[in-house]
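Me: I would like to go through this model with you. Could we start with the terms and then turn to the details?

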Amino acid sequence: MRCGSRRPAAQIWNSSVTNVRLQAGSPATVTIYVDSGWPRAYVTGLGSGRIYMGWQAVDQGYNRTRIATHEWGHILGLPDNRTGRCSDLMSGSSAPVSCANATPSAAEASRVNSLFAGSAVPVPAKAYVWGS
Ligand SMILES: [Zn+2]
């Protein structure tokens with residue numbers, strides 16, 4: 001059964017950073033889709049873009065909350081950083097499949113805070129679903 005983790009990724013970011021708020025809203029600057037491919041994000045600007053929550057990684061056993069927070073990380077300005085460490089969110093699939101850490105490292109959170117510095121930016125998103 002593919003039941004959803006609807007809000008945890010946004011909540012995790014909201015509790016990890018202070019200069020940006022992820023929230024459901026309209027007009028959305030972030031749209032989240034679900035498909036059968038590999039999870040990915042198309043970033044169109046800082047805090048805007050499209051996230052594809054691809055089932056391929058979930059089907060391979062990757063943690064879906066970690067996938068979602070990772071893809072949000074791209075929207076928030078973080079690049080992939082394939083360190084292989086589970087403690088790094090942006091290490092993505094270079095960390096073991098068993099890695100369930102969905103919380104950004106202190107360095108990752110601090111980078112996002114500095115990218116959004118000086119502006120408690122709301123980032124409205126829509127369609128936050130993993131399908132049903
Ligand atoms: Zn990535």
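Reply: Two strands are said to pair if DSSP finds at least two bridges between them. Helices (H or I, at least four residues) and strands (E, at least two) are DSSP runs, numbered from the N terminus. This is a predicted model, in which local features need pLDDT of at least 70 and side-chain atom pairs count only at pLDDT 80 or more, while totals for chains, interfaces and linings use all residues. Residues are numbered from 1 along each chain as its sequence is written, and side-chain values use heavy atoms, with hydrogens and water left out.

Me: How many bridges join β2 to β4, and do they run parallel or antiparallel?
Reply: Strand β2 (residues 30-35) runs parallel to β4, and 6 bridges join them. Within this pairing, Val 34 has Met 53 of β4 as its bridge partner.

Me: And how many join β3 to β4?
Reply: Strand β3 (residues 40-45) is antiparallel to β4, with 5 bridges. Val 43 stands opposite Gly 49 in β4. The hairpin of β3 and β4 has 2 residues between the strands, and Gly 47 takes a positive phi near 85 degrees there.

Me: Why is β4 described as largely enclosed?
Reply: Of the 7 residues of strand β4 (residues 48-54), 6 are buried, so the strand is largely enclosed by the rest of the structure. Buried means under 20% relative accessible area, exposed over 50%, and partly exposed in between (1.4 Å probe, protein chains only).

Me: Changing topic, which residues coordinate the zinc ion?
Reply: His 70 (NE2), His 74 (NE2) and Asp 80 (OD) coordinate the zinc ion at 2.0 to 2.1 Å. Donors are N, O and S atoms within 2.8 Å of the metal (3.2 Å for Na, K and Ca); water is not among the atoms, so sites may look incomplete. The spacing of the donor residues in sequence is H-x3-H-x5-D.

Me: Where do His 70 and Asp 80 lie?
Reply: His 70 belongs to helix α3 and Asp 80 to the loop between α3 and α4, so the pair ties together parts 10 residues apart in sequence.

Me: Are those two buried or partly exposed?
Reply: His 70 is buried, at 7% relative accessible area, whereas Asp 80 is partly exposed, at 46%.

Me: What about Ile 67?
Reply: Ile 67 is also placed in helix α3 (residues 64-75), and its 8% relative accessibility makes it buried. Its C-alpha atom is separated by 8.9 Å from that of Ser 93, 26 residues apart along the chain.
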